[in-house]
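Here is a friendly walk through one protein model. Please take a look at the sequence and the structure before reading on.

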Amino acid sequence: INVTSVIFNGLVIVTRLATRDLHKPISILFCNLAVSDLFTSFSGFWISVLFITNPDITIFGSQDMLAPYALYTTSILSTIYNQVSIGIERYLAVARSMRTRFRVARHHSITVVFINWVLAFFLGCLPLMGWNCLQADSSISVLYSPFCVSYLVFITMPNVVVAFLVPLFTYLRIILILRKRKLRMQACGQVMGTYKSVETQVARTSISIWLLALVSYAPFLAGVIFDATNQRCHTDLYPGAYIFRNCTAMLVTITCLGNPVLYTLKFRAMGAKLKALRCPSATRMQACAIENI
């Protein structure tokens, strides 16, 4: 699964670069999301190789696990921040003619990408800077040794909440804005089938994105909560807890496979339809108001 995800996301990056489509702000975010997923799959492959060659270090922890776990955490955090950034960019693009004149430019996307990676690297590499439990066994994570339970709670709780709530809010707002535009055009007698198509596609894509995040990150959150409340040692939880841990890793990798399809393919078709739509002009709205009077 990791190798397939690496190939898929690599093709997305190559395609974006080959078509010179990176002048668009959303394309920069899409390409960066593929880079994040690529690193997530690569680090997941690294951890899988360590598990195959020496399973004990992935259970009891070792100095050798710090680097792959740190890269894995950094990549997942970058993916979450990119998903949130894409949702906000789509909301601003749709709401631009309704409430604000702010327009997302190319340099805005580049700045957001830079901030996302800096924040992800800082938070993900904290164990390499000393926040680990190689020397202390009291607060060591059972599922992700040698990470500390306190570090996992600090990283997981706020970021998973952000991954769930912010996209949910932004995509619901997009659907509501499209619904208002459709009602306004219906009031002017300008019912367009394209609006219904866009509204349906946005709803389906938004639900798919949110469910994909829920399926991939919720089990990982449950594992961290279990880790924080667990009082038993590694051998007492073997093998059931580690099978669950491996399943959560597979779900995260499947998310990296689903992102190119949901974001790159569906959003391109949806973006073309949104571009064709225009808010009713002031002249038409005034004529409509006069007719209603």
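Let us begin with one stretch of the chain: the end C-alpha atoms of residues 109-131 lie 31 Å apart, and this span is 70% helix and 0% strand. Helices (H or I, at least four residues) and strands (E, at least two) are DSSP runs, numbered from the N terminus. For residues 69-88, the end C-alpha atoms are 29 Å apart, and that span is 100% helix and 0% strand.

A word on the model itself: it is predicted, so local features need pLDDT of at least 70 and side-chain atom pairs count only at pLDDT 80 or more, while totals for chains, interfaces and linings use all residues. Residues are numbered from 1 along each chain as its sequence is written, and side-chain values use heavy atoms, with hydrogens and water left out.

**The overall picture**

The protein chain has 10 helices and zero strands. Of its 293 residues, 48% count as buried; buried means under 20% relative accessible area, exposed over 50%, and partly exposed in between (1.4 Å probe, protein chains only). Contact means heavy atoms within 4.5 Å. Among contacts between residues at least 6 apart in sequence, 80% join residues at least 24 apart.

**The first helix**

Helix H1 covers residues 2-18, and at 1.5 Å a residue its 17 residues should span 24 Å, which agrees with the 24 Å between its end C-alpha atoms. The expected span is 1.5 Å times one less than the number of residues. Which residues of H1 are buried? They are Asn2, Ser5, Asn9, Gly10, Val12, Ile13 and Arg16. These residues cover an arc of only 155 degrees around the axis, which puts them on the same side of H1; the arc is that of the directions from the helix axis to the C-beta atoms. Turned away from that buried side is a face with the exposed residues Leu11, Val14 and Ala18.

**Inside the protein**

A nonpolar core is a set of buried Ala, Val, Leu, Ile, Met, Phe, Trp, Tyr and Cys residues joined through side-chain atoms within 4.5 Å. The largest one holds 37 residues, and Tyr144, Phe147, Tyr151 and Tyr217 touch the most other members. Elements giving two or more residues to this core include helix H2 (25-53), helix H6 (149-187) and helix H9 (240-276). H4 provides the largest share, seven residues. Apart from this core lies another, of 18 residues, among them Ile26, Val94, Ile174 and Ile177.

**Aromatic rings**

A pair of aromatic rings is described by the distance of the centres and the angle of the planes. Rings of Phe, Tyr and Trp (its six-membered ring) pair if their centres lie within 6.5 Å; planes under 30 degrees apart count as stacked, over 60 as edge-to-face and the rest as tilted. By this rule there are eight aromatic pairs. Two of them are set out here.

| Pair | Centre distance | Plane angle | Type |
|---|---|---|---|
| Phe39 and Trp117 | 6.0 Å | 75 degrees | edge-to-face |
| Trp131 and Tyr151 | 5.4 Å | 70 degrees | edge-to-face |

Phe39 in helix H2 and Trp117 in helix H5 are 78 residues apart, so this pair links distant parts of the chain. Phe39 is partly exposed, with a relative accessible area of 35%, whereas Trp117 is buried at 15%.

Trp131 lies in the loop between H5 and H6 and Tyr151 in helix H6, so their pair ties together parts 20 residues apart in sequence. Trp131 is partly exposed at 32% relative accessibility, while Tyr151 is buried at 0%. Leaving aside neighbours within four places in sequence, Tyr151 is in contact with Thr73, Leu123, Gly124, Leu126, Pro127 and Trp131. Ring pairs also link Tyr151 and Trp131 into a cluster with Tyr69, Tyr144, Phe147, Phe154 and Phe220.

**The loop between H5 and H6**

Leu128 is placed in this loop and is partly exposed, with a relative accessible area of 49%. Beyond its neighbours within four places in sequence, Leu128 is in contact with Leu66, Ala67 and Ala70. Pro146 also lies in the loop between H5 and H6. The peptide bond from Ser145 to Pro146 is cis, with omega near 10 degrees. Most peptide bonds are trans.
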